[in-house]
Amino acid sequence: MRVLPILILALVFVMGLCTTMTKPKIKLAIWGPSELASELGSLNMNIGNFGQVPWGKSLIGHVYPADPEDACAPIKKLKKIPEETSPIVIVKRGSCTFVTKVHYAQIQGAKMVIIVDNKEEDSMYFEMIDDNTGLGQKLNIPGVLISKKEGDRIMEYVNEFAKEPEKKPPVSIAARFDWAKSENVIYEAWISSRDKTSYSFLSRFSNYGAQLVAAAEFTPRYIIWYCTHCEADQYSKKVDNCVSGGRYCAPDPDKDGPLKGYDVVLENLRQICLYKESPLDFFNYTRHYHDLCFEDNLKDLEECSGRAMAKAKIDYKDRIKSCVEDSFISKPGQKVDIFLDDNKVLKEEKKYYIDRGLAIWPSVVINDVLYKGSLNEVALFQTLCASFKRSPDVCMGSGGIVDVTTVSGDINHYRGRRQFWKFLGGIIFLLIIFMIAFFLIYRRIVRRAMVAEMTNQINATVSEYFKMTETSGVRA
């Protein structure tokens, strides 16, 4: 099977994140005790790809040990300082997933979890990924990883305080989750059209994304695999699960089922065409695509895509299908053969994918910085708003704080509201023009009346003068 090299290539990519994008730099600052603060100062920390990270904000709290210290089982109630509002729990790495540790700490009221590495290594290059158990989506606090050397020193102080809280000072830490701000916000979502997790996220985020269309530049990006040895044959043969002679491929989405990898590639292409046609329609489509096209035993992905577009009131045949067909580069005088002819749209997407080197999906990149934390629609919206130097209106709540409760309703409501304001703006503009015109005409009429009145007065005065002159002449 020629598909084997493709799967090997995919596995190599997914095993590591070798990307041209940068990661956000976050630091922990030790505030106390003073001797620990002098020794460690500020620490680098690695953010997990789960939980809600409060980007653009800071967190300050005292640190408490977990019992058990690896937090791989429900931990005992924290012995907190009275009136503690932001407890931070420190745990050891190992024996269970990162998500499990953060989950048990969250149950006990932790606002952040510090995980101490159990190996002498550079913790900044380690990817803390979700365990795909579903717990990661339920976490609303961040989990961070720090080095073993620094973490062990903090744990020493934390354990001393836990034993003698009356005699030992607590460890206090401040975490800054800064996010670089920019005049223009550009963000990408890296997805695959047959990845249910990707579209579960997109369907939830669609309302937020629609409202940001005018303020931020969004682009969906698709994972494009390819046959590694097909170039030697000049892409002249049909390849399983591929189009264009093996240039653009995807794994078989249902193994022995009716769908093939090329169905996924063509759906990617349809969605690229749809996004280029209308970003708003793209966001609307993702909701219906998620609801309709991930059912078991789906037989025809193109037919399902057509139904989703019909639900979203998108003209598939005239707008999208023609874009897909025109993107294939057929030989002069010959019909398009999607299994052999190259494709200009997919060629561009594949090049971008290779240049970026991002192979973990779903992922979001904001202004060339890889977003870390759970792909929660509210958290991502807040992070996007925190990325603006000047927040757009949709990001502004009372006092300049993001109020996501104001970002609600479906996309059609958003469209209708935007059209209403455009209509109202047009009416106001016409009223202003009318008032200016009315003022000019009124001023002209008044001026004429004043001139006529003055003329009449002058004529009357002159007539009176002549009468007086004539009377004086007769007397003389």
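How many of the 10 residues of helix α11 (residues 377-386) are buried? Eight of them are, so that the helix is mostly covered; buried means under 20% relative accessible area with a 1.4 Å probe, protein chains only. The model is predicted: local features need pLDDT of at least 70, side-chain atom pairs count only at pLDDT 80 or more, and totals for chains, interfaces and linings use all residues. Residues are numbered from 1 along each chain as its sequence is written, and side-chain values use heavy atoms, with hydrogens and water left out.

Among the buried residues of α11 are Leu380, Phe381 and Leu384. The buried set packs against β8 (186-191), α5 (196-211) and β14 (363-366), a contact being heavy atoms within 4.5 Å. Where α11 starts, a side-chain oxygen of Asn376 comes to within 2.9 Å of the backbone nitrogen of Val378.

The protein holds 12 helices and 15 strands, taken as DSSP runs (H or I, at least four residues, for helices; E, at least two, for strands) and numbered from the N terminus. Seven strands form a closed barrel in the order β1-β2-β6-β5-β4-β3-β7, with mixed pairing; strands pair if DSSP finds at least two bridges between them. On average, neighbouring strands of this sheet are turned by 40° against each other, direction ignored. Five antiparallel bridges join β1 (residues 26-32) to β7 (residues 172-177), and Ile30 stands opposite Ile173 in β7.

Across the whole protein, buried residues make up 45% of the 476 residues. Of the contacts with a separation of 6 or more, 73% are between residues 24 or more positions apart.

Technical notes. Buried < 20%, exposed > 50% of the residue type's maximum accessible area, 1.4 Å probe, protein only. Polar contact = N/O pair within 3.5 Å; in protein donor to acceptor, adjacent residues only side chain to side chain. Axes fitted to C-alpha atoms, helices over the stretch in contact; angles between N-to-C directions.
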